Amino acid sequence: MNWNDTQMLYTKKAPKRAYYLSLEFLMGRTLDNALLNLGLKDNYRVAAKSLGFEDFEELIESERDAALGNGGLGRLAACYIDSGSTCELPLWGYGLRYHYGMFWQQISTDGSQVEAPDPWLNHANPWEVHRPDVSYPVRFYGHAERIGDRKSIWSGGQEVVATAYDVPIPGSYTRNTNNLRLWDAKPKRGFDLNSFNAGDYEKAVESSNSAEALTRVLYPNDNHMVGKELRLKQQYFWVAASLADIIRRFKQLDEPWSKFPEYVAIQLNDTHPSIAIPELMRIFVDEEDFAWNDAWEITQKVFGYTNHTVLPEALEKWPVPLFEHLLPRHLQIIYDLVFTYTLRRQRNLITPVLALEKKFPGDRDRLTRMSLIQEGFPQQIRMAFLAVIGSHKVNGVAELHSDLVKTTILKDFVDFYPSKFGNVTNGITPRRWLDQCNPGLSALITETLGGDKTKWLKDLTKLDGLLPHADDPAFQKKWADVKLQNKQRLAHFIEQTMGVKLNTSALFDVQVKRIHEYKRQSMNILGVIHRYITIKSLPEKDRKNVVPRVILFGGKAAPGYYMAKLVIRLINNVAKVINADPDVEGLLTVLFIPDYSVSLVQAELLIPASDISQHISTAGTEASGTSNMKFCLNGGLLLGTVDGANIEIAAEVGEENVFFFGHLTPNVEDLRHSHQYHPVPLDQASPALGVVFDVIAQGHFGDGSIYEPFLNTIRQGDYYLVSDDFGSYLGAQEKVDEAYRDTASWIKKSITTTARMGKFSSDRAIMNYAEEYWNIEPLKLE
């Protein structure tokens, strides 16, 4: 079996391995992806038919999504481990086996998001193998007693057991099959019979319930201290088990600890796993008897950190009292790092602070800004800073984002460690995000380029072979026919599931992503209302000149994110009014698709059907984005701000094929300052937006007072610059309408966009990590 043979090869050859620690792995459906990667789909179709499954696609669609992630972070991780296998790299993923995922999103009658459990494991997961022989104890609470020079004994408290579940990750057209190891939590002691017999029924199951809660839900609500504690417990449980597993594997090599970085590279996907840094220090110092400086030198060589945000409020911090209560030994280590890093000369070694003092004499403010501990009540531990000082490499995920990281949130560290920072622009796997989700377009591309599809699926730059055909009317017709078929497929699904009939000759305009103020679904729905008002104001004879639009939203709001949930409610109530209005029938349809996910019935239907997709974050707030890449790879044009990977996409496909709008990053802070100190009434700042606000407030979409908190975020402060960019946004939408009227030109733009997306393969990104960050090499299973 390829899976076993790959692991045996790694054991025999003992290459350096990379381990990707991600709190999310949004894998999507496994069967179709695996069959395509293995080149076995046609064989399985015949075999399934012989067993009585006449409709093989229906069989594929019956698989539930693995609820192991929520958004772009998890989907990126899934693409990377797929590409790791395809590129034949010794790469494993480590995550958590959530029983309920984040939540199953439902929409109530008043348009609000309602969260329900997503019990995806009720009928088990056929793609995982339980490994009861691979388990590790994980401790929480207790006390840490100092026994020497920065060494301690950590004892007492609660112990739970991490047990492994393995999921195979087959590469595309290769035998290499890597592994995703997911940890589930079990109690060290199960049912307490003595307590039960004594009548204390709650205590009898307390240990079991407490342990199993660790892997129940992805991102428990942390608006309260109990939720915060559970989140931190999740993170430590996951990294402690993963490091124990990595160290067990290294010890089997019988090599000295000094060679640990020659065999192990660990990538921290965002700040969630950054507690792994003090955990590895604890293992080295307390269990393996390392000298502190030796432990720290090896730790720094092993870790790399990928930053995914430039929003200061999104950089993870933990209250010191919570840390002290839950992980007392790790707090000691962090304090020791603070002192080593900022205060003392240790054994005549020059510590970073002395170098810092020499480079920036007397700059005490800089020391305060760079401290791992943020002063306040309570004090907070800055996990991003911990990840930076504990890693040998730090990267952003798009060129603009990496530049902003260097000039804003981590500027002081860049000044101190200039060679540590780099960039790896995100990528997507073309196997799932073109070949699997858009088989019609994949077949047309293969027919046009000639040869086998594996050539371009494993080297996406070969898509530029489509460019000579972009002006060919016959090829344009084939391209347009594929797009129409995809729109019809989506329209059929929506009619079956939501009871709404779509005009498939309309322009399909899509924005699907996590609901957040900086992503500005708010501006999109406000623009929809403006379009609705405009169409309604036209004489009937002029409405025939309107470009018909189907506008589709999708995405989840975090359960505790009130403002994002209010935006979802507004979208649904606007859709209810517009879709029932005969004046705009066939000209404007609006839908919010609930429980948006990777699966075929949502992302894999929406993305191939889009004509335009919106990526309209406030400039300087989106790290990269990957949904923009997926839409463009499938021939959808991009409407967006000059932000994240939009910039690099435009550089590749040509700005003439992108619809940009809005203020640029350098202007953002000045505009925010102006809002705060020199506010201008909304009806003066953006008259068109003022009209939209009046319509909402007057109750055209339900009780207007419900939306006042949301509207006031724009009236007062407007941190995300909706009013500043709204006029430019409407102008860009007019340009989209104008371009869509010229069918031949639009199709050429679509072809050109797909043809120039070669840079954005996750194969390119993962090889970048392998060569420049991890120093690992491909190892092919023959």
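Ala 124 is exposed, with a relative accessible area of 52%, and in this predicted model its phi is near 70°, a positive value in a residue other than glycine. The position of Ala 124 is in the loop that lies between strand 4 (113–116) and strand 5. A positive phi in a residue other than glycine is also found at Asp 270, where the value is near 80°, and this residue belongs to the loop between strand 10 and helix 10 (276–287). Asp 270, however, is buried, with a relative accessible area of 14%. Since residues count as buried under 20% relative accessible area and as exposed over 50%, Asp 270 falls in the buried class, whereas Ala 124 falls in the exposed class.

The chain as a whole may be considered next. The secondary structure of the protein chain comes to 34 helices and 22 strands, and along its principal axes the C-alpha trace spans about 85 × 70 × 65 Å. For 782 residues, a compact globule would have a radius of gyration near 28 Å, and the 27 Å of the protein chain agrees with this value. Of the 782 residues, 60% count as buried, while the accessible surface of the protein chain comes to about 30,800 Å², with 53% of it belonging to carbon and sulfur atoms. Among contacts in the protein chain with a separation of 6 or more, 76% are accounted for by residues 24 or more positions apart.

An open sheet is formed by nine strands, which follow one another in the order 5-8-9-2-1-10-11-15-16 with mixed pairing. Its edge strands are strand 5 and strand 16 (421–423), each of which pairs on one side only. On average, neighbouring strands of this sheet are turned by 25° against each other, direction ignored. Both senses of pairing can be illustrated within the sheet. Strand 5 (residues 129–140) pairs with strand 8 in the antiparallel sense over nine bridges, and the bridge partner of Arg 131 in strand 8 is Ala 164. By contrast, strand 10 (residues 264–269) and strand 11 (residues 303–306) run parallel and are joined by four bridges; here the bridge partner of Gln 267 in strand 11 is Gly 304.

Strand 8 (residues 158–170) is mostly covered, since 11 of its 13 residues are buried. In a regular strand the side chains alternate between the two faces of the sheet. The hairpin of strand 8 and strand 9 has six residues between the strands, and in this hairpin Tyr 173 takes a positive phi near 55°. A further backbone feature is the cis peptide bond that joins Phe 377 and Pro 378, for which omega is about 0°; Pro 378 has its place in the loop between strand 13 (373–374) and strand 14 (380–382).

When residues up to four places away in sequence are not counted, Phe 323 touches several others, among them Leu 232, Ile 275, Trp 318, Pro 328, His 330 and Met 383.

Helix 20 (residues 439–449) gives a view of how a helix is packed. Its residues Leu 441, Ser 442, Leu 444, Ile 445, Thr 446 and Thr 448 are buried. An α-helix has 3.6 residues a turn, so residues three or four places apart point the same way. The buried residues of helix 20 pack against helix 19 (430–436), helix 21 (454–457), helix 22 (473–498), helix 26 (627–633) and helix 33 (743–755). Helix 20 is followed by Gly 450, whose phi is positive and near 80°.

Key
Residues numbered from 1 in each chain as written. Heavy atoms only, no water. Buried < 20%, exposed > 50% of the residue type's maximum accessible area, 1.4 Å probe, protein only. Helix = DSSP H or I, 4+ residues; strand = E, 2+ residues; numbered from the N terminus. Pairing = 2+ DSSP bridges. Contact = heavy atoms within 4.5 Å. Rg over C-alpha atoms; globule rule 2.2 N^0.38 Å. Areas by Shrake-Rupley, 256 points an atom, 1.4 Å probe, with all protein chains shown as cover. Axes fitted to C-alpha atoms, helices over the stretch in contact; angles between N-to-C directions.
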